[in-house]
Amino acid sequence: MGDVLGVDHLSDLPQSIIECILTRLPIRDAIRTSILSRRWRYKWTTLTQLVFDDDCVAMSNDGIYEDLIYFITHVLFLHEGPIHKFHLSATYLQNTPDLDQWLLFLSRKGIRELIIELGDGEWFRVHSCLFNCSKLTLLELYRCELDPPPTFKGFLCLKSLKLHQVLIAPEDIESLISNCPLLESLALSYFDSLVLNICAPNLKYLYLEGEFRDICLQNTPLLVSISVALYMNDESEPFGDISDCNYEKFLGGVPYLEKLTGHVYFTKYLSIGNSARTLPVSYIYLKSIELHQVSFEDMNEILVVLRLITSSPNLEELQISGSSNPVAASEAPDLDFWENECPSNLTFGKLRVVKATDMSGVPHEMEFIKYLLRNCPVLEIMSIRPCVYVTDRRLNMLIELLKFRRASPEAEILFIQE
């Protein structure tokens, strides 16, 4: 009995399983396993995945800045073998010269996934050795300066790129994207006044957020998911200055799109120069559309919404929020638009859920809802949440909604008041 209890079954596990166990522990606890026995003393030193955060070291009276730097340096100094993943997310850690040494070390360790997110403060400048990491498949950088050398030919293995508040020359960001031939996921956020041309033939997932002046999807035929938020400030140049037909430039070459999410100013951007009556592509795979802050006083924005949904025969869910000026939109001089421009024989045969929020009850909003109810034969739920600032018209909105004809006998109208 004593011999059975004395057997160290855990130590006899294959190294791959031991590493799998250690990888699931916080790095601090993984290192603590070195006290289990002599055989476990250096097990952690061959981990291929290293994740560091503020919890790696205990909080002291002097803070954790120096302690965290020492901890990371010590771990890397004792490490043996390749490092496939290095994730540093530390709010207390600011720009430090040690970061250059860490990157230099990682560039010689066959790094594949690199994530660096330091705290608010002085941005760090990424060491040029990063561009020698030829095996990178995932790269995420936050609040830093990035300056690719002239000799840089791209990350040939990179599949996922995320840059958040990164200072980089416009021509360099375009070159970086186009020189990653396997790129499948791209996220760019908080870029200012950027004119962006994206050429990424294998790209599937795109997330953009910031003050983009113009965006052109030149070669992105495999995109399945797009999320865009466009911001403007008082000094921003209007989208129309350098745009011809934004709709075609952005959505003219994405035939496999499955999900589209547009936040602030997205429909405004798409509406600029949008004069063509026929669409260059049918979105037969598009099942979910989410559009925020649509101005129903702007007929061009309404056209964008209609062209999207009428070109998506398999659309299943539509979410839309209004951003109308109730005074301007209530005048509604073009109500005959819904009879003249909207095909009466068109049905949305797969649309089951419609969620409309921030509705003001202005004529074009109501006509849009009326049009959907009349042409959605399998609709199950139409939920409507009025704008919080609209109180006097809510009863009239509800009465009008209940009068609209419904193509689906199963359609349920939910009028949600907070």
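Buried means under 20% relative accessible area, exposed over 50%, and partly exposed in between, with a 1.4 Å probe and protein chains only. The model is predicted, so local features need pLDDT of at least 70 and side-chain atom pairs count only at pLDDT 80 or more, whereas totals for chains, interfaces and linings use all residues. Residues are numbered from 1 along each chain as its sequence is written, and side-chain values use heavy atoms, with hydrogens and water left out.

**View A. Q293, a non-glycine residue with positive phi.** Q293 sits in strand β11 (residues 288-294); strands (E, at least two residues) and helices (H or I, at least four) are DSSP runs, numbered from the N terminus. Phi of Q293 is about 55°. Q293 counts as partly exposed because its relative accessibility is 41%.

**View B. Y265, a residue other than glycine with positive phi.** The phi value of Y265 is near 65°. Y265 belongs to the loop between β10 (259-262) and α8 (266-271). With 34% relative accessibility, Y265 counts as partly exposed.

View C. V354 counts as buried because its relative accessibility is 1%. Leaving aside residues up to four places away in sequence, V354 touches L318, L372, L379, I381, M382 and S383, where contact means heavy atoms within 4.5 Å.

**View D. The aromatic pair of W338 and Y371.** The structure holds 13 aromatic pairs. In the pair of W338 and Y371, the ring centres are 6.2 Å apart and the planes are at 45°, so the pair is tilted. Rings of Phe, Tyr and Trp (its six-membered ring) pair if their centres lie within 6.5 Å; planes under 30 degrees apart count as stacked, over 60 as edge-to-face and the rest as tilted. W338 lies in helix α11 (residues 337-340) and Y371 in helix α12 (residues 363-375), so the pair ties together parts 33 residues apart in sequence. Both W338 and Y371 are buried. One aromatic cluster is formed by F296, W338, F348, F368 and Y371.

**View E. L222 in a loop between two strands.** L222 is found between β8 (205-219) and β9 (225-230). Its relative accessibility is 31%, so L222 counts as partly exposed.
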